[in-house]
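Subject: Structure handover

Hello,

Please find the structure below. Notes on what was found in it follow.

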Amino acid sequence: MTDERSRGIILQLFVLIVVLVFIAFITSNTIANLQRVGLASGFGFLTDTAFFDINQRLIDYTSQSTFGRALVVGLLNTVLVSALGIITATILGFIGGVLRLSDNWIVSRLVTSWVEFTRNVPLLLQIIFWWAILTSLPKVRDSLSIGGMAFLNNRGLRTPAPIFEVGMEWVIAAFIFAVVLAVGIVRWARKRQEETGKIFPAWRVALVLIVGIPLIVYFVAGQPLNWDVPERTRFNFRGGFNITPELIALWFALSTYTGAFISEIVRAGIQSVSRGQSEAASALGLSKNQTMRLVIIPQALRVIIPPLTSQHLNLTKNSSLAIAIGYQDLVSIGGTILNQSGQALEVVGIWMAVYLSLSLATSAFMNWYNKRIALVER
Amino acid sequence: MTQAFFRQKDQMLGERPPPASTVGIVGWLRTNLFSNWLNSLLTILSLYILWSSVPSFVEWAFLKAQLGGEDRFACSEEGACWAWLDQRLGQFLYGLYPSKETWRIDIAFILLLPALAPWLIENVPGKKWLRRFSVIYPFIAAWLLVGGWFGILESVTTNNLGGFALNLTVGLAGIVLSLPVGILLALGRQSRLPLIRWFSVIFIETVRGVPLITLLFVSNIILPIFLPPDVALDAVIRVIIMVSAFASAYMAEVIRGGLQAIPKGQYEAAAAMGLSYWQSMRLIILPQALKISIPGIVNTFIGLFKDTTLVIVIGLFDILGIANAMVSNPDWLGLSSETYVFVALFFFAVCFSMSRYSIRLERKLDTDKR
């Protein structure tokens, strides 16, 4: 008993037995409970007809589709709002983080109070607040017009929808070609600079190429992009594209909330680069712009990226709060299916599997990135 | 006689005043607000935002606001309508708790102050006794809230607990339970025993990988399936279990960060002194690791407290649930801005003071730097 190794083994055996007993206890209860209610477990219900509607869908879906397809629609809605939110939250966060460090007294105070307020109020409250504001906008008849192009009312935002005509595929192809070309030029310029020390304004040339080539093709192909501008009819709008108030509220709340957290991360990242670095860079004769791009940002990113990815993951998980305002994401549709079919274990299992694989994929990326940028010391 | 090419002190010219543009108000403005064109632009933009939002908000919330009245029709269109405060404040604070028993909630949260004092304030008189009190405090508070026990207090079902009292109860119970469980999980993840390490890793990563909402659904739908048919737990108890499990996984990761920051020499020195594993953890490692992790721990507390609003998803009426119910009540329809701003202030007050306290503590404990 005094031997550390045997003590360790005994402790582990004890824990193992406790866990096994716990699992056996749960399983037997589950079997008994399911038998009592008369539910068959299994994923067969996924092919049953759903009989409910989903108002926002990225793929074809009717109330005659299956539960499985409904779940896919929900998953795509989760992916949609998360992707939109991640983009805007990151932009907001970087702007906010830089502005908080600004010398400008009033700007830094203003941004600080935004960050502190947004961070310290529950996200769910913010989502419901924005949703309540959006759904109390004027009715369709008295829609607020934004320059006669888009209309805001209590059913959401109706925007012009792009119409791709013949020839648009050439513009897209030209854009892809320009991106590839730009990547090539940047690589060539870096290699030449390493070999000869000559600097080539690669980024500016790349930008001109990426904007210019598709633009030229666009005009040569006869401007193949048209806009379907919504038109007022008596009761509704004709044409255009409607964004639901649920999506706008969720997107906005997720972006500002996560953006506030990201701005703290960005601020900490920039502050972590010691002052000597920027002083040394200017002693070497680098311009302020070059110092930022070549010295500060690469070092700050090393500190910023890992917590940034976990914020992105948090945003994705927080998008499940959609259920409170009726945005039909994976959890919300899963909840409906759960109520209709009673297959609680399976639905919860699907939720957990989806979110777990998302977070495992994110942490795998994070580990890979950390290894790539880890400081190589001697 | 040679000419002296230096001046004696009394012959020196007086200091000239700095240029008017660098001192005083003008100088402050130039360096802080208008140092270059971008800054000037940002300043003007910020001033515009402040000018267009602050006065109209003050006018809406205070100057043109309506304080009394029976329902929303008593309020004018222009200002905020605070008439509901009079009738509904009790619900926002206590939910559906029987109104003649709410004094018990008041006492429970007043007693919280002496229970917290020994942990938050350093030189508090009678610290030893207050600490002992804080150990038994959770039991006193639970008894006050639920009642029963020899019929001294009328028993109240936990389903009646609501409003901000529910947020505070779930939040505090989560904090009290998640810290020790989190410490154990963090130690388990660092353990040399593979079985314990793997159980800890699986628990932590599973809980951290899924949204809290799915865990609350588990507490609501799956837990009754897992338990024997004759055992029924109250919804509040189930929520507290799940919220604590959720927070303890995050807590474990924060504390693991602290444990990893302790130099290996500390572990070896503790072992060299003949301390057992638990002794070295309790006396050497954890005091240092917890000190480093304080900011993270407080952040987890803040997150946990904000997350208590999620209980509305499974049908409990916390302060946000009461607000939602009131906003859809015909008497008070359309008062969403007033209601949600009011609720936001509660959370802001609690969370902001927690984060300020943590910053102060961090500065005070920052002993080894300079």
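**Helices 10 and 11 of chain A**

In chain A, A:L330, A:V331, A:G334, A:I337 and A:L338 of helix 10 meet A:A344, A:V347, A:I350, A:W351 and A:V354 of helix 11. Contact here requires C-beta atoms, placed from the backbone, within 7 Å; helices (H or I, at least four residues) are DSSP runs, numbered from the N terminus. This is a predicted model, in which local features need pLDDT of at least 70 and side-chain atom pairs count only at pLDDT 80 or more, while totals for chains, interfaces and linings use all residues. Residues are numbered from 1 along each chain as its sequence is written, and chains are lettered from A and ligands numbered from 1 in the order in which they are written.

Helix 10 (residues 330-341) and helix 11 (residues 344-373) of chain A pack at about 170°, and their axes are 9 Å apart. Axes are lines fitted to C-alpha atoms over the stretch in contact, with angles from 0 to 180 degrees between N-to-C directions. Helix 10 of chain A is therefore roughly antiparallel to helix 11 of chain A (the term applies to angles over 145 degrees). The contact of these two helices of chain A has nine nonpolar residues, one polar and no charged. Nonpolar means Ala, Val, Leu, Ile, Met, Phe, Trp, Tyr, Cys and Pro; charged means Asp, Glu, Lys and Arg; the others, Gly among them, are polar.

**Chain A against chain B**

Chain B and chain A each put 45 residues into their contact. On the side of chain B, helix 13 has the largest share, nine residues. That side of chain B comprises 31 nonpolar residues, 13 polar and one charged.

**Core**

The largest nonpolar core has 129 residues, and A:I127, A:I128 and A:L250 have the most contacts inside it. Such a core joins buried Ala, Val, Leu, Ile, Met, Phe, Trp, Tyr and Cys residues through C-beta atoms within 7 Å, buried being 20 or more other C-beta atoms within 10 Å of the residue's own. Helix 9 (residues 235-261) of chain B gives the most to this core, 14 residues. Beyond its neighbours within four places in sequence, A:I127 touches A:A249, A:L250, A:A253, A:L321, A:A324 and A:I325.

**Domains of chain B**

Chain B has domain 1 (97-156) and domain 2 (164-319), with bounds from an automatic or database domain assignment. Their C-alpha centres are 23 Å apart. Five residues of domain 1 of chain B contact four of domain 2. On the domain 1 side, helix 4 (102-120) and helix 5 (127-146) of chain B each supply at least two residues.

Regards

Technical notes
Buried ≥ 20, exposed ≤ 12 C-beta atoms within 10 Å, placed from the backbone. Contact = placed C-beta atoms within 7 Å. Parallel < 35°, antiparallel > 145°, perpendicular 65-115°, else oblique.
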